[in-house]
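This report describes selected features of the structure shown below. Please keep the sequence and the model at hand while reading.

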Amino acid sequence: MRHVKWAVVAGLVALAVGVVGALQAQQLSGEYKIGVLEPLTGNLAAEGKRHLEGYEIVRDLINERGGVMGKKLVFVVGDAVDPTVAASEATRLATREGVKIITGTFSSTLCGAASEAAARQNVIYWETSCVDPRLTKRGLKNVFRTEIDGTGFGWYNVEFIAKHLAHRLGKKPNELRIAYLSEDSSYGQSVTESARQRAKQEFGMEEVALEYYTFTTNDLTPVILKLKNANPDILHHIARNQDAILFWRQAREQNFQVKAVVHAGATGYGSPDFGKAFGNDGNGPFALLEPGPGFVIEKMRPEGQQIERAFRQAVKAKTGSDVPTGGHQLAGGGLWLLKLVLDAAKSDDLDKFRAAVLAMDLPVGSAINGWGVKFDENGQNTNARVQHYMLQWQGGQLVTVWPEEFTTNRAKWIPLGAWDQRK
Amino acid sequence: MHAIPQLLASTILLGGIYALIAVGLTLIFGVMRIVNFAHGEFLMLGMYLAFWAFTLLGLDPYVTLVLGLPVIFGGGLLSYRLVMRPVIHASHDVQVFTTVGLSIALQALALVLWSADSQFVRTGYYAVVVRFGGVAVNVAQLAAFTAAVLFTGGLFAFMRWSYTGKVMRATAQDRHAASLMGIDTGRVFALTWAVGITCVGVAGVVLAPIYPVYPSIGLQFVLIAYVAVVLGGLGDMVGALIASLLVAFVEVVGSYVIGTAWKEVLYLLLFIAILVIRPAGLFGQRGAEVMGT
Amino acid sequence: MRATWPAVTFFAVAALAPVVVRDAFFLDGLILILLWGAAGAAWNVAGGYAGQVSLGHAAFFGLGAYSAALLGTRWGISPWIGLLVGAALATAFGFILGFLSNRLRGPYFVLATIAFSQVLLIVASRWRGFTSGSEGIPVPFRPGFWTLGIVDKRVWVYLVLVLAALLYLVQLYLERSRRGYQLAAVREDEDAALSLGVPARRLKVAAIAVSAALTAICGTLWTQYVGFVDPLYVFSVDLSVRFCLFAILGGIGTPLGPFLGAALITILETSLRARFGGIGAGLVGIYLIIYGVVLVVTMRFAPQGLLRWIGEHLRRRPQPGPAS
């Protein structure tokens, strides 16, 4: 029994030592530290790491351009595996590392918990990627989001369908038959529901099918048969990676004919994995994303052009790819906006920061990704400013096709036509 | 109504795959009385084997199937020796947690070594479709089904007509009596485990051309396999086969008629219903579930 | 009384810590240790003391979480009421599971518990109209004790400490009381116990129901602490397995075991994360490998848990735990 008691006491002493050790001051002069919170282990790690990479690339660009508030920008990274850990890591970054700003977190289920924890510690939470619409609707003064939320994705998708696809199909928007297929996580549900709403209420499109499924499903043939029966013009399919691939393969097997497939986001049809899996056989579907190949940088404003070029060069230098991934663009774009705000506010005091955020008004084309800035009262960067682009798979690659004034490419295969005809 | 042939084809193809996974699981339970909670991870390892063989050595998965058979079997024996043998006579709970621990460790190992990124075995023929009578079937799926049928059939034949099979069945019936008859139950267990793992490893190899490969892919298949195994009666191989088809049927038809969103609920409720009404399964011995053995 | 020395030390240190330490991160860790320890202890009531191993206890955790979140967000009802509602619901479901436990043994029961939690997971993530589906529920933070909106982590420590102490006492009761001995008899050999006139069925069902209610309470407190309910997390099999891990690593069938297990695991994970954060974070996943390996090794050499293995070398009386 004595042994056990000593073991317990020893363990607690070790813990105390760890605490004291870690409580040493970390601040060095000339550096400004912010916290970066991303899922780096577990199932979301692939995307989380891309985001982190994007942050690092833009951090280096920022430091080449004078840093933030005259100091070098430095990161402390936290790993947000699940909601509990996200909250704990946010607390650690705020208290142990003493950061005043935390950025992240990519996943809708993590950003909720992380932003709560940040709020409790009175730390600014600068979200760059998660799409849960409720993040900015909780009345928290310290939460800001640079990217549009799920409703924004749905908004843009329907914008594209109604304003571009409709007339190319020779129909009015309210004559379109649209089917909704979606994976059923937070991401799929938020985008699909907002698209459904806008399509029906603003444009009067006819909804012919609505199917949710778990993205780890083994077989989508029954759903495809149902869709064939419903005979839609447009398929609005929000997918993750494996289900997009499964669907595309099985849709081809079943000879499912539809005039267009529209998706939103950097997973599924928006992921490089789709191209890897299909090559030219994957030509045709649309994905709402940040600007890809064909993007006319010259259409941006001068300051925007500069940083966009620098960004793309840096991405190429670090990853060898001409094209940044969605994760790079979201994280990097968001971090760049943070720098702009800090330059204007010259302080990380919450009130001054918030005032600077709300006062900022930059037109589309001013920042990375061709974004503008105009935050609403809830700390959400508005849809119209966070310009999004529709990309299409052409030649085994995602190229920018819309809005047409920003790109040299044009959307092809409208309607999609036969399966073997899109090379 | 024109959907019926296609739905049937999907049912059979899926059911065949589930059967190959379920048969290994039920064999292990029948002879060793162990529910292998790490079964899905062996499926995943089989898939990664096919992937790495394809990527590093340029081997087509069906070649890997043949060449890799001894590797998979060896892996089964090794895992038995290292992990299962020490607890073969321990209580059920200990065995449950042993396989749970194995499952955690294997999945985490794959995650650390190969990351969570999805990998693809993109063979040249992945998109080839066979069409007949209004039904479209992917060639790789057909091949997987064929492999499943061959392996399952081979396993049945082995159990039924070979001497070793008889020995295994005897051990399944009553391990104490078997050892009294001079059967080395230790070797029987090792063999059973290895065979069960081989079945699911083979399933992994033939599934690699069809599904993306990532560390947690085992879960989506193995849960269905558990349902099929219990439905068919733990330990009953023919039962597992029939039950696999039944579960595939519920999945496919349920998706079509009610909606894909609820298909998991359907077979999970079926599972719970079976457990409540007739836990021994459709073909198992009544009372087996209360004995727990 | 000698046996309770470690427990007294543990709880005393936990109670004194907030007075001495102000660091929020440290207190956060302490709160999680106590909370997860409590969850592991709640599992232990059914799994360790009653011998009903379940891999689906997240079902009850999730019920507690959702009750508080839904009542709070939809009808503005206090999470304390939500706690009671969650516990009541969990008890009801616990009775159902208990009924199943009387019909199924061994691996059949385990599989049933998994199916159970998965059904709840799917219902919670599909029923958009009621539960907001997979998007989960952000729990609004309304300051005040009645709304469990507490900023000061030190108050949280004491709150969770009360829960932990309660769970410790429940387990202690199962160790020392007559009912507890009867339960031990049922665990070791149900048929023999029945033949001695022990009401085995009722005891098992009661144990599971109590375990369920207590787990739900942990779920409610967790929700108010973290502020966000995600169905894919609160009902997950991974979470269920974690509850078992806490109890097994620390020692099934010892009242302090789950807390020690939770402490070990939390400290390990946190320090790994703090150390390896960054691109090389893939290595952090090592802790999962460690759990798997330790679980296998523990089952091989010390199925009663580490604590008991140490203790057994000093005492010679029969201890509760899985029969080896």
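## The parallel sheet of chain A

Strand β1 (residues 31–38) of chain A is joined by eight bridges to β2(A), and the two run parallel. Strands here are DSSP runs of E with at least two residues, helices are runs of H or I with at least four residues, and both are numbered from the N terminus. Two strands count as paired if DSSP finds at least two bridges between them. Within this pair, K33(A) stands opposite V74(A) in β2(A). The model is predicted: local features need pLDDT of at least 70, side-chain atom pairs count only at pLDDT 80 or more, and totals for chains, interfaces and linings use all residues. Residues are numbered from 1 along each chain as its sequence is written, while chains are lettered from A and ligands numbered from 1 in the order in which they are written.

The open sheet to which these strands belong has five strands in the order β2-β1-β3-β4-β5 (chain A), with parallel pairing. At its edges are β2 (72–79) and β5 (143–145) of chain A, each of which pairs on one side only. On average, neighbouring strands of this sheet are turned by 25° against each other, direction ignored. Helix α4(A) packs on the sheet, where it touches β1, β3 (101–104), β4 (124–127) and β5 of chain A. The direction of α4(A) makes about 155° with that of β4(A). For such angles, axes are lines fitted to C-alpha atoms, for helices over the stretch in contact, and the values run from 0 to 180 degrees between N-to-C directions.

## Two domains in chain A

The domain assignment of chain A gives domain 1 (30–145 + 298–387) and domain 2 (151–290 + 388–421); such bounds come from an automatic or database assignment. The C-alpha centres of domain 1 and domain 2 of chain A lie 28 Å apart. Their contact takes 17 residues from domain 1 of chain A and 16 residues from domain 2 of chain A, where two residues are in contact if their C-beta atoms, placed from the backbone, lie within 7 Å.

On the side of domain 1 of chain A that touches domain 2 of chain A, the elements giving two or more residues are α4 (108–120) and α11 (326–345) of chain A. The largest share of that side, five residues, comes from α11(A). By class, this side of domain 1 of chain A has four nonpolar, 11 polar and two charged residues. In this scheme Ala, Val, Leu, Ile, Met, Phe, Trp, Tyr, Cys and Pro count as nonpolar, Asp, Glu, Lys and Arg as charged, and the others, Gly among them, as polar.

## Where chain A meets chain B

The contact between these chains takes 30 residues from chain A and 26 residues from chain B. Elements giving two or more residues to the side of chain A that touches chain B are α2 (45–64), β7 (206–213), α7 (221–230), α8 (241–253) and α9 (272–278) of chain A. Of these, α8(A) gives the most, with six residues. By class, this side of chain A has nine nonpolar, 11 polar and 10 charged residues.

Helix α7(A) has the buried residues T221(A), P222(A), V223(A), I224(A), L225(A) and L227(A). A residue is buried if 20 or more other C-beta atoms lie within 10 Å of its own, exposed if 12 or fewer, and partly exposed in between, with C-beta atoms placed from the backbone. The buried residues of α7(A) pack against β6 (177–183), β7 and α8 of chain A, together with α1 (3–32) and α10 (237–257) of chain B. Just after α7(A), N231(A) takes a positive phi of about 55°.

## The fold of chain B

Chain B contains 12 helices and two strands. From the N terminus on, its elements run α-α-α-α-β-β-α-α-α-α-α-α-α-α. Of the 293 residues of chain B, 57% count as buried.

The radius of gyration of chain B is 19 Å, which agrees with the value near 19 Å of a compact globule of 293 residues; the radius is taken over C-alpha atoms, and the globule rule is 2.2 Å times the number of residues to the power 0.38. Along the principal axes, the C-alpha atoms of chain B fill a box of roughly 55 × 45 × 35 Å.

## Backbone particulars

In chain A, a cis peptide bond with omega of about 0° joins W402(A) and P403(A), and another, also with omega of about 0°, joins I414(A) and P415(A). P403(A) is found in the segment after β14 (397–402) of chain A, and P415(A) has its place in the segment after β14 of chain A. W413(A), though not a glycine, has a positive phi of about 55°; W413(A) is partly exposed, with 17 other C-beta atoms within 10 Å.

In chain C, L148(C) has a positive phi of about 50° although it is not a glycine. L148(C) lies in the loop between β1 (137–138) and α7 (153–176) of chain C, and L148(C) is buried, with 24 other C-beta atoms within 10 Å.
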